[in-house]
Structures are given as C-alpha cells and as structure tokens.
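Dear colleague,

Please find the structure below, handed over for your own work. My notes on it follow directly after.

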Amino acid sequence: MSYTCGLLPVLDQHEDHHYEMSEYEGAKARWCPGCGDHSILTAVQRLLAAEQLVPEQTMMVSGIGCSSRLPHYMKTYGFHGLHGRALPVATGIKLHRPELTVFVTMGDGDCTSIGAGHWVHAMRYNVDMVAMMLDNGIYGLTKNQTSPTTPQGFKSNTQPYGSILPPLNPLEVALGITNASFVAQTAEWAPSHLYATLRAAYKHKGFSFVRILQRCPVYTPAIYQKAVQDPARIQLLVHDDGVVTPDLDKIYQSQLHHDPRDLAAARALAEQTETIKLGVFYRDPSKPRYEETRRVAPRTPAERVALLEKEFARYAV
Amino acid sequence: MSAASATAAPAPPKVLRVPEHTVEIVSDSGEGAQKCGQIFGAVSAKMGNGVWTVELIPAEIQPPPRVPEGASGNRIRLGEHAVTNWGDRTNLVIAFNEQVLLARHRVDSLADDAVILIEDKWARSEDADIVAQWDAAMKELSGKHYRIIPVAMEDQCLTIVDNPKKGKNMFALGLLARVYGRDMERIKEQIAHAFRKKSEEVYNSNVALLELGYHWAEDNIDFRVEIPTHAADKPLVVMNGNEAIGMGAIASGMELCAMYPITPATSVSHYLSEVFEKFGGIVHQAEDEIAACGVAIGASYAGKVAFTITSGPGMALKTEFLGLAVMTETPLVLVNVQRGGPSTGLPTKVEQSDMLAALYGQTGDSPHIVMAPATIEECFHIMITARRLAETFRTLVMVLTDANLATGVSPYPKPTLDEAWQAAPLDLAPVKEGQKAYAWNKDTGLSDRIIPGRPGGMFTLTGLSHDEGSKVAYSSGIHQHSSAMRSRKIAVLQSLLVPPTVYGEESGDLLVVGWGSTKGAIEEAVDRARKEGLKVSSLHLRFLSPLEPGLKDIFKKFKKVMTVEINYSDEIGDPYINEENRRRGQLSILLRNATLVDVDCWGRVPGEPLRPMSIVDAIRGRVPRGGAK
Ligand SMILES: Cc1ncc(C[n+]2csc(CCOP(=O)(O)OP(=O)(O)O)c2C)c(N)n1
Ligand SMILES: [Mg+2]
C-alpha cells in the first residue's frame with residue numbers, strides 16, 4: 001500500500017511544541033466514581049505526554065463496553081467501533097497508515113468472548129500496536145453479566161447461582177498463539193506499574209497485549225480486593241528487558257526475576273494463578289510484523305495507468 | 001455409427017453457414033475440458049466472433065469419475081455479432097464420457113438436433129458395468145434427434161503419446177479448430193501462453209495432439225460450421241467479470257482488498273493476489289468476513305477507500321460493520337458476487353436473491369448506495385464509480401454482481417484509462433479552526449471527511465448516535481437530524497442521475513424491467529418477441545439505491561410492467577397464492593414501493609443463467625397476441 005502523503009513534503013511543525021498532559025485530554029470521563037478505567041486513562045495520557053506523541057498521529061481504537069469509551073476522553077484521533085471488533089479496524093488503519101501510533105482498548109467480554117477470534121489472529125499478525133484489555137471480570141456496560149474471565153462461582157445477572165465455568169486465562173491463551181511477541185499483565189491500582197508496563201508495550205515493535213486488571217466498583221468490587229489489600233498476593237516479574245518499578249519494591253516484596261525471552265517459563269508462570277503476577281511475561285522483538293511483510297512500494301497514478309495498460313495487453317483480443 | 005477409417009479419401013464436408021452456434025465441451029473434472037473451452041473461446045474472439053463463455057462447474061473438487069454430477073467444462077456461444085448471454089441450447093457437444101453427457105442432456109442443455117462427438121472407448125470397455133451404463137445412456141439419449149458421432153479419442157492420442165489422459169483436451173481442441181475453421185497459429189499462441197510455466201516438451205506434445213485432432217476431423221467429420229467474423233473497429237479485451245472487477249479496483253486507485261474466501265467471489269482475490277502488489281495494493285485474507293470488513297473500514301477511515309468482496313453468506317456476517325460504515329460515514333466499497341441462497345445455498349450457481357438483504361439487511365435506518373453492473377465491461381467501470389461515490393458521499397457503496405458475470409467470459413472494448421479515476425493523494429493539511437467531524441450541509445447532508453494525521457482534527461468517530469461534532473448524543477432531536485442528513489445524501493445522488501433509456505419502443509403493451517447480469521438475455525428475448533409482433537420493450541437498472549429517476553413516467557407508457565429476475569417469486573395460480581399473499585420478485589417489490597405501479601414479476605431460480613427462450617415464454621404468457629388487457 002502506498003502512503004501518498006509520503007510523496008508530499010513533510011512539514012515538521014511539531015518540533016518546538018511541547019505537549020502538556022492536558023493537551024491529550026478529551027471529553028470529561030463519565031465512568032463511575034472509583035472505576036479503575038480512570039486510572040488507566042491517566043496512565044495513557046501520561047505516557048503520551050512523556051513520549052511527546054503527536055496527537056494527530058496517534059489513534060485510539062476501541063470496541064464497545066465501559067472501557068471502550070476511552071477514545072472519547074482523549075484528544076487524539078479515535079475510532080469507537082463495534083463490540084468485539086476493535087482489532088480488525090486497528091489492523092486496517094495500520095496496514096494503510098503504518099506511521100500512525102495505535103492504541104486499542106477492549107473489555108474482557110470484548111476481547112476474550114465476542115472478539116476472541118480477532119484477538120487470536122491479531123496476536124498472530126503481530127501488527128505494531130498496544131492492545132489493552134481492561135479486565136474487570138464482568139460485562140460492565142450491559143450491567144452485570146458473566147464474562148469469560150469471571151471467577152467461577154461469582155454470581156451475576158445471567159448466572160445468578162454462580163459462574164458455571166472456570167475462568168478463561170487470557171495470558172495462557174495469548175502465550176499459546178504462534179507469533180505472539182509481547183504479553184504482559186498489570187493492574188490499575190498499581191499506577192506506576194501500569195505506567196511502566198504500558199511504556200514497555202509502547203516501546204515494543206509488534207502487537208503488545210496487555211491485560212490490565214481493573215476493578216469495577218459496582219459489579220465486581222470484590223474480585224481483586226484481597227490482592228489490593230494484601231500485596232503479598234501479588235508477585236512482580238522483574239527484568240531489565242521487562243518492567244522494573246523500584247518505587248514498588250517496598251510494597252511488593254514478592255518478586256521474581258523472569259527473562260521475558262523465555263517462553264516456556266512465561267507459559268509456566270501464566271498457569272500459576274495462586275498469586276497474581278504482574279510484569280512482562282514474554283517479549284520477542286524479532287517476530288515478523290504483518291504490516292512490514294505486506295509493505296509494498298507505492299505507485300503514482302501515472303505509474304499505475306502504465307502498468308494497467310500492460311495488464312490489459314495480456315487480455316487483448 | 002462407426003468412424004470412417006482415416007485412410008479413406010474424405011468427401012468435401014458440408015458447410016453450415018450460421019449467424020451463431022453454441023458449443024459445449026464436458027469431461028470429468030480434471031480432464032482439461034475447461035482449458036480447451038477457454039482457448040477455443042479466446043481464439044474465436046480474436047478472430048472476430050462475438051463470444052460468451054461460461055464455466056460448467058461441479059460443486060465438488062474431486063467428484064468420482066464418470067458420474068453426471070461431476071460434469072465439468074465450458075459452454076461457448078459464438079456469434080457473428082456481439083454475444084451478450086449464454087443463449088438457449090447447445091448445437092455441438094464434445095463429451096469425454098457418456099455420463100457427463102447425460103448431465104447436460106438432463107438439464108435440457110442440448111438442442112434437439114445437437115451434434116455430439118463422444119469418446120467411445122467406454123462402449124468397448126472390458127468392464128461389463130461400464131458397457132451397461134453406456135448402453136443405458138444411449139437409450140436415454142435416443143428420445144432426441146441428436147446426431148451422435150463416436151470418436152476413439154484416447155486410441156488416437158495413444159498413437160503419439162503414452163498417457164492419453166493428459167492432452168485429450170488438446171485433441172478435442174483440434175476437432176473444434178477444424179469444424180469451426182479456427183486459426184491454428186492463434187491457437188498455438190494460446191497454448192504457449194497457457195503452458196508458459198511448463199517445459200517446451202509439454203508445449204510440443206500439446207501441439208502435436210492439437211494437430212492430430214485437426215487432421216482426424218478433416219478426414220472423418222463430414223461438416224463444417226462457418227460463422228461470419230468481423231474485425232473489431234476498436235481494440236478489445238476478453239476476461240471474466242471477476243477479473244474485470246479486480247482490474248476496475250486497480251484502475252480506481254484502491255489499494256486494499258480485504259476478503260475471506262467464498263465462491264463465486266474468491267476469484268477476484270485470486271486475480272488480485274497475483275498482480276495487486278505491483279500496483280501498490282494488497283489483498284488481505286482476514287480470519288473471517290467480519291474481520292475483512294473491519295480491516296477495510298479501518299483502512300478507509302485512515303485514508304484511501306478500501307473494498308471488501310464476498311458472496312451472500314459473507315455479506316450477512318458483515319452486516320453490523322456495514323451499518324458502522326454508514327453511521328460513521330466511512331466510505332467503503334463492498335462487492336457481493338451473488339450465488340444461490342438462503343444459507344449455503346447453491347455455492348457455484350447464479351442467483352439475484354440478495355438485493356433486499358443488500359438494501360435493507362442492516363439494522364436501524366442505514367441509507368447507502370447499491371449498484372449492479374449488467375455486463376462484464378460494466379464490472380470494470382462500476383468499481384471506479386463505486387470508489388468515487390463512496391468518497392464523495394462518505395458512505396457505503398454496494399456492488400451486486402453474480403456468478404453469471406463472475407464466470408462468464410466475453411470481449412469488450414478496451415477502456416481508455418484515466419489517471420483521474422484514481423483516488424487523490426491523502427490530504428494531511430491542518431483542519432480549519434472550528435471544523436466539525438461531520439459538518440453536514442443542511443440541504444445535502446454532505447460533509448468533508450477528516451482523516452487521522454491532520455492537525456487540529458482529533459475527532460473520535462463512533463457508531464453511537466452523535467451530533468456534528470461526533471459527540472455521543474442520545475437526544476431525540478439530534479438522532480432525527482443526523483438520520484435525515486445520512487438519508488438526504490441518497491436523494492442528492494438521485495438528483496444527479498439521468499433517467500434510464502428504454503430498449504425498444506418507448507410505449508407498448510409490456511415493459512420488462514431487469515437488473516444485473518440478465519440484461520443480455522432480456523434484450524435478446526425482447527428482440528425475438530418483437531419479431532413475433534409483440535409490443536414489448538425493456539429497461540435495465542444499474543442503480544438500486546437510489547433508484548434511477550423518472551421510472552414512473554416510463555412505466556406509465558406501458559399497459560403492463562413486469563420484472564424478470566433470477567430470484568424466487570410465487571406465481572398466481574399456485575396453491576394458496578393470491579394477489580395479497582404473493583411473495584414477489586425483489587426488484588418488483590422495490591419498484592412497486594417507489595412508483596405505486598402494479599409491477600408484476602417473473603422469476604426463476606434454476607441455478608443457471610436465464611435462457612432467452614424462457615424469457616420469451618414468460619413474455620408471451622403476459623402479453624397475449626393482440627395486446628395486453
Ligand atoms: C453485537 C453486540 N452484542 C452485544 C452488545 C451489548 N454489549 C455492549 S458492551 C457488552 C459487554 C461489555 O463487557 P466488556 O467487554 O467486559 O466491557 P466493560 O463494559 O466491562 O468494560 C455487551 C454484551 C453489543 N453492543 N453488540
Ligand atoms: Mg468487562
């Protein structure tokens with residue numbers, strides 16, 4: 001695909017402008033008070049400011065759900081599409097405009113239920129973007145229905161006698177997908193870890209899947225509460241190639257040195273759910289990226305016409 | 001009858017001079033009948049005959065040998081002048097076994113006096129079952145006045161090659177070349193092209209078999225067919241409708257085709273996959289149709305209009321995304337190469353049953369543009385129009401073709417290419433101060449589209465109801481207004497269209513209205529009916545949403561209006577069916593709604609293109625001699 005814009009002189013008008021965090025703020029966020037999504041929004045805005053991302057060259061793509069409202073609260077370009085279908089839209093944007101920086105926001109239902117097929121394939125395409133799954137273990141927007149990540153036994157409006165199935169483990173799924181290149185987990189109540197993880201995801205060239213544990217104060221206030229109150233239930237995966245957060249050392253004393261290049265170890269860790277593990281499970285920047293392997297030389301209209309004349313000659317009577 | 005020995009001095013063949021002739025070549029799948037038919041069609045076009053070729057495709061990839069369901073091949077209709085459809089029945093058949101011949105006989109494909117050249121080794125088989133099948137077939141065929149000429153094709157081939165299974169099709173091509181007086185040098189060029197990836201040896205043995213067939217026919221076939229040829233006054237190209245769609249997409253400057261494989265649409269992507277990259281485009285095979293549509297929408301939103309291509313079941317899956325394209329006013333081109341439905345239906349066969357789904361299948365009010373090309377040539381040009389309309393009107397444009405256009409091969413004048421057909425380079429200029437995401441013109445509903453990368457824009461588009469600024473809005477006033485703005489665009493487009501032209505007289509007893517691939521067959525039927533003295537004309541529509549203007553005035557000049565469509569409709573007179581409960585043809589529903597004219601319909605779903613003669617019958621049924629009541 002061509003970016004004909006690349007043929008135009010590039011005016012760099014951004015060089016001397018310093019973006020404040022407030023310049024990334026869009027409409028006022030309308031999530032419930034105490035919703036973990038607020039903290040995620042702040043972390044994203046902080047990241048954009050820290051990296052001085054140009055607002056018009058940054059895209060927020062989302063599906064449908066409480067979490068998918070995030071693009072409206074940013075001052076970047078945004079596309080708030082269909083439930084479960086953020087990833088195909090984001091893929092199309094990147095295929096045509098690889099120079100844009102793309103962030104995707106999905107809910108747990110969005111990503112692991114209705115959009116599960118796209119999730120698997122997006123991981124495999126490994127198109128360069130940050131894909132955030134805001135996991136509150138419930139369908140929030142539609143008011144308290146069981147999601148694939150709802151803890152077993154949890155009572156919801158659709159499974160009032162308790163969630164029937166054991167929850168799907170998104171990390172295990174992600175780490176099982178061929179060509180996965182970045183898998184991490186963080187939590188919205190550990191803002192510096194959240195920020196550091198999103199930053200690592202942004203820095204990674206490829207599809208960065210980040211599961212963000214997120215509290216829903218209305219429907220699932222309890223599911224992460226023990227971990228919030230008792231840091232011993234959390235283990236940090238630390239590594240220079242992953243995430244390091246020295247400011248959290250005092251709170252989270254359980255730490256494990258994990259090399260994100262070690263896929264087998266990452267899978268083994270993903271399986272262990274007695275403690276919640278935060279950090280980069282896996283990262284391999286050498287995995288092929290679809291938008292790169294599919295990159296083709298752009299054509300001008302005149303070149304295209306000349307080539308098409310030749311093509312017609314093949315079909316000449 | 002047995003073939004005369006090759007040594008006997010042949011009497012000069014009888015020459016049959018005809019304005020048109022239809023040939024079929026049928027075999028088990030994999031025996032190469034299609035390659036033979038394609039080369040024969042291409043050479044005939046080059047020589048100056050009108051040609052319409054259709055593929056006869058079994059639904060399975062490897063059906064067992066020698067079964068009627070496995071019949072595979074081509075039907076080629078040749079004419080002195082342009083041929084616009086596959087015609088009625090076949091005049092000459094080459095069959096590689098009697099079972100595939102039976103298949104064609106049973107669907108009433110063969111003219112009563114058809115000449116049949118058939119491989120006769122089956123009659124001499126050591127397998128008693130095969131001989132019995134042969135005998136039974138001959139008995140079944142004897143009800144007609146076919147002239148059956150047995151040909152020992154494999155025995156002949158064996159005189160120069162070891163494996164007659166490969167290359168028998170070239171022997172058959174030689175037979176046709178002689179009977180129809182085709183230019184052998186041109187055939188050899190086509191063979192060289194068809195086998196360009198194979199060795200010189202393969203080419204040589206194919207040419208030897210071709211010549212063997214030619215000489216055998218010279219010595220043994222007592223007739224020849226002559227169809228006058230006319231050198232074309234402008235350069236022609238020959239291709240099928242799906243290739244034309246692909247080339248049209250290239251000519252329009254689109255750079256992304258996102259798809260998921262589905263017959264009969266897939267061959268567009270086969271073609272594009274081969275060539276698109278050198279034009280700066282890619283074919284993205286997505287994980288499913290939903291994703292394909294999403295990827296196309298994402299790419300379109302971000303810059304140049306992209307397209308997605310599918311058939312009925314795939315269009316159903318894309319439904320929710322199509323509504324999103326309309327709601328976010330993201331230009332998108334969708335091509336639906338229609339097949340028989342509902343459900344998986346008739347995967348390889350033609351039907352025009354997706355019109356209402358295309359028009360009204362999305363949830364909510366989802367105004368968009370729907371067009372249908374009528375010819376292979378229009379398949380090319382419609383893609384250029386579709387891209388431009390999608391961009392100008394900031395909406396979804398659907399293009400409905402069908403399996404008849406997709407697999408039909410026919411020559412058309414080579415388009416004079418124009419750079420202006422292509423999408424403009426991306427505009428990344430800063431957005432004007434105060435510019436809205438949807439700055440709807442109150443009269444037209446049109447607005448400028450702003451793509452990411454433009455400083456000062458930074459809008460978030462959403463499928464939720466929204467105001468001009470793309471702010472999520474739940475108030476009834478805003479929804480009413482934005483609905484009107486999206487709807488208005490369709491009326492604006494209609495105001496720019498010209499009324500369609502009537503084929504034939506502008507008034508009369510009956511006006512036949514059609515859409516899509518049936519144009520050639522309908523107009524041929526109208527010509528024949530007029531020769532019988534019936535006052536019939538026809539009208540063919542390219543736009544279904546908006547409809548072309550002026551229809552009511554055109555209809556008023558006819559006593560009766562009737563659509564002819566390849567979709568199901570009840571017939572008055574069927575059990576339980578009356579005027580009120582009759583389920584009508586899809587175009588007739590649309591036209592009745594738009595014009596309040598009592599538009600009748602005639603529809604059939606035979607799993608094949610309509611034959612002109614069946615349309616003539618329908619016309620006779622609706623217009624008794626002496627005029628309509
Ligand atoms: C096709 C479709 N099906 C169902 C819905 C209704 N729906 C909207 S959001 C949602 C689930 C939201 O849950 P989740 O993805 O976890 O996001 P959250 O609201 O919890 O952030 C559902 C079922 C829809 N909008 N579209
Ligand atoms: Mg949720």
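How far is an oxygen atom of ligand 1 from an N or O atom in the side chain of Asp108(A)? The distance is 2.7 Å, a polar contact in the sense of a pair of N or O atoms within 3.5 Å (within protein, one must be able to donate a hydrogen and the other to accept it, and residues adjacent in sequence count only if both atoms are side-chain atoms). Taken alone, ligand 1 exposes 590 Å², and the protein buries 78% of that; accessible areas come from the Shrake-Rupley method with a 1.4 Å probe, and for residues only the protein chains shown count as cover.

Some conventions first. This is a predicted model, in which local features need pLDDT of at least 70 and side-chain atom pairs count only at pLDDT 80 or more, while totals for chains, interfaces and linings use all residues. Residues are numbered from 1 along each chain as its sequence is written, chains are lettered from A and ligands numbered from 1 in the order in which they are written, and side-chain values use heavy atoms, with hydrogens and water left out.

The ligand site

Ligand 1 is surrounded by 17 residues, the closest being Cys66(A), Ser67(A), Asp108(A), Gly109(A) and Asp110(A); a residue is near if one of its heavy atoms lies within 4 Å. Because the surrounding residues come from chains A and B, the site is shared between chains. Two further distances of 2.7 Å involve an oxygen atom of ligand 1: one to a polar backbone atom of Cys66(A), the other to an N or O atom in the side chain of Ser67(A). Helix H3 (residues 108–114) of chain A gives the most to the shell, with four residues; helices (H or I, at least four residues) and strands (E, at least two) are DSSP runs, numbered from the N terminus. By class, the shell holds six nonpolar, eight polar and three charged residues, where Ala, Val, Leu, Ile, Met, Phe, Trp, Tyr, Cys and Pro count as nonpolar, Asp, Glu, Lys and Arg as charged, and the others, Gly among them, as polar.

The interface between the chains

Contact (heavy atoms within 4.5 Å) takes in 54 residues from chain A and 75 residues from chain B. The two chains bury about 5700 Å² between them, 63% of it on carbon and sulfur atoms; buried area is the accessible area (1.4 Å probe) that two parts lose on being put together, summed over both. On the side of chain A, Tyr77(A), Phe312(A) and Val317(A) lose the most area to chain B, together 14% of what that side buries.

Domains of chain B

An automatic or database domain assignment gives domain 1 (2–226), domain 2 (237–421) and domain 3 (502–622) in chain B. The area buried between domain 2 and domain 3 of chain B is about 2000 Å², with 60% from carbon and sulfur atoms.

Backbone points

The peptide bond from Thr263(B) to Pro264(B) is cis, with omega near -5°. Pro264(B) sits in the loop between strand E10 (256–259) and helix H9 (266–275) of chain B. Ser545(B) and Pro546(B) are also joined by a cis peptide bond, with omega about -5°.

With kind regards
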